[in-house]
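Please look through the structure below together with this report, which takes up its ligands, its sheets and its helix pairs in turn.

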Amino acid sequence: MSKGRLIVLTGPSGVGKGTLLSSLLQRHPELSLSTSMTTRKPRLGEVNGKNYFFVSRPEFERKVAQGELLEWAEFADNFYGTPRKPVETMIQAGRWVILEIELEGARQIRKSFPGALKIFISPPSMDELESRIRGRGQDSEDAIARRLRRAQAEVGAAKEFDVQIVNDDFEKALSQIEKALFETVPAMC
Ligand SMILES: Nc1nc2c(ncn2[C@@H]2O[C@H](COP(=O)(O)OP(=O)(O)O)[C@@H](O)[C@H]2O)c(=O)[nH]1
Ligand SMILES: Nc1ncnc2c1ncn2[C@@H]1O[C@H](COP(=O)(O)OP(=O)(O)O)[C@@H](O)[C@H]1O
């Protein structure tokens, strides 16, 4: 059986992580994306159990207390975390599992899974990032401001990651992710 592998994809909100991942998963159905848990309210069209597991704050806090999350963090006034069990089960079964998470969570994974491949996606500029978040048309002014403040802090941490990719030309960024995944020697998880 092939060896399981954990891959962490991080980058500021609006940089294009979700869009890149959905193309990547279409092209490589053998990859698995972990479904996170969040206290954020669903956006229009988001489905519980698919985009996220949408839970209340008390429920999230209970999961944390019971050790059921592999990592978790607060982001823009909401909690986000990775359910532990499905990820561990998939890795044991030899799957390659991708976590699409923010910086604090990625730092926690670096400690608990030092062999995970960590990829950081940067925007071509902060102006372009803002216009992508606005163009998505999904967030309030408040939420946009919180995301942009956080983005300033996150982009400075790109160098902590094994691979840094600028999502300017979409196809180029996608093929750089593929290269990082399939042309690097898999490390031990
Ligand atoms: N630490 C952590 N961050 C997460 C998790 N799931 C999502 N995130 C991050 O939370 C941030 C906000 O996500 P979201 O509300 O969906 O907004 P968007 O990234 O702007 O579409 C993003 O940076 C995600 O990568 C998780 O399970 N753990
Ligand atoms: N390379 C790119 N050039 C221009 N727009 C992009 C590019 N990549 C993604 N986008 C757009 O940016 C917006 C934010 O992308 P999204 O995947 O939701 O970001 P994230 O998941 O990082 O928050 C979307 O409208 C998406 O279509």
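## The surroundings of ligand 2

Around ligand 2 there are 13 residues, and the closest are G16, K17, G18, T19 and R132; a residue is counted here if its C-beta atom, placed from the backbone, lies within 6 Å of the molecule. Two or more residues of this shell are given by each of α1 (17–27) and α5, where helices (H or I, at least four residues) and strands (E, at least two) are DSSP runs, numbered from the N terminus. By class, the shell around ligand 2 has two nonpolar, eight polar and three charged residues; Ala, Val, Leu, Ile, Met, Phe, Trp, Tyr, Cys and Pro count as nonpolar, Asp, Glu, Lys and Arg as charged, and the others, Gly among them, as polar.

This is a predicted model, in which local features need pLDDT of at least 70 and side-chain atom pairs count only at pLDDT 80 or more, while totals for chains, interfaces and linings use all residues. Residues are numbered from 1 along each chain as its sequence is written, and chains are lettered from A and ligands numbered from 1 in the order in which they are written.

## The surroundings of ligand 1

Ligand 1 is surrounded by 18 residues, of which S13, S36, Y80, I101 and G105 are the closest. The elements that contribute two or more residues to this shell are β5 (69–75), β6 (78–83) and α4 (103–112), and the largest share, four residues, comes from β5. Sorted by class, the shell around ligand 1 holds five nonpolar, seven polar and six charged residues.

## The sheet of four strands

Strands of a sheet pair through backbone hydrogen bonds, either parallel or antiparallel. Four strands form an open sheet in the order β4-β3-β6-β5, and the pairing is mixed; two strands count as paired if DSSP finds at least two bridges between them. At the edges are β4 (52–54) and β5, each of which pairs on one side only, and the twist averages 25° from one strand to the next.

How many bridges join β5 to β6? There are six, and the two strands run antiparallel, with E74 opposite F79 in β6 and E71 opposite T82 in β6. β5 and β6 form a hairpin with two residues between them, and A76 in the turn has a positive phi of about 45°. Helix α3 (residues 84–92) lies across β5 and β6 and runs at about 30° to β6.

## The sheet of five strands

A further open sheet has five strands in the order β2-β7-β1-β8-β9, with parallel pairing. Because β2 (31–33) and β9 (163–166) stand at the edges with a single partner strand each, one side of each is left without a neighbour in the sheet. The twist in this sheet averages 25° from one strand to the next.

Strand β8 (residues 117–122) is joined to β9 by four bridges, and these two strands run parallel. Within this part of the sheet, F120 stands opposite Q164 in β9.

## Two pairs of helices

Helix α5 (residues 126–136) and helix α6 (residues 141–155) have axes that come within 11 Å and cross at roughly 150°; axes are lines fitted to C-alpha atoms, for helices over the stretch in contact, and angles run from 0 to 180 degrees between N-to-C directions. That makes α5 roughly antiparallel to α6, since angles under 35 degrees count as roughly parallel, over 145 as roughly antiparallel, 65 to 115 as roughly perpendicular and the rest as oblique. M126, L129, E130, I133 and R134 in α5 meet I144, R147, L148 and A151 in α6, where contact requires C-beta atoms, placed from the backbone, to lie within 7 Å. By class, the contact of α5 with α6 has six nonpolar, no polar and three charged residues.

Helix α7 (residues 170–182) packs with α1 at an angle of about 60°, their axes being 10 Å apart, and α1 and α7 are therefore oblique to each other. The contact is made by L20, S23 and L24 of α1 and A173, L174 and I177 of α7. These residues divide into five nonpolar, one polar and no charged.

Conventions. Contact = placed C-beta atoms within 7 Å.
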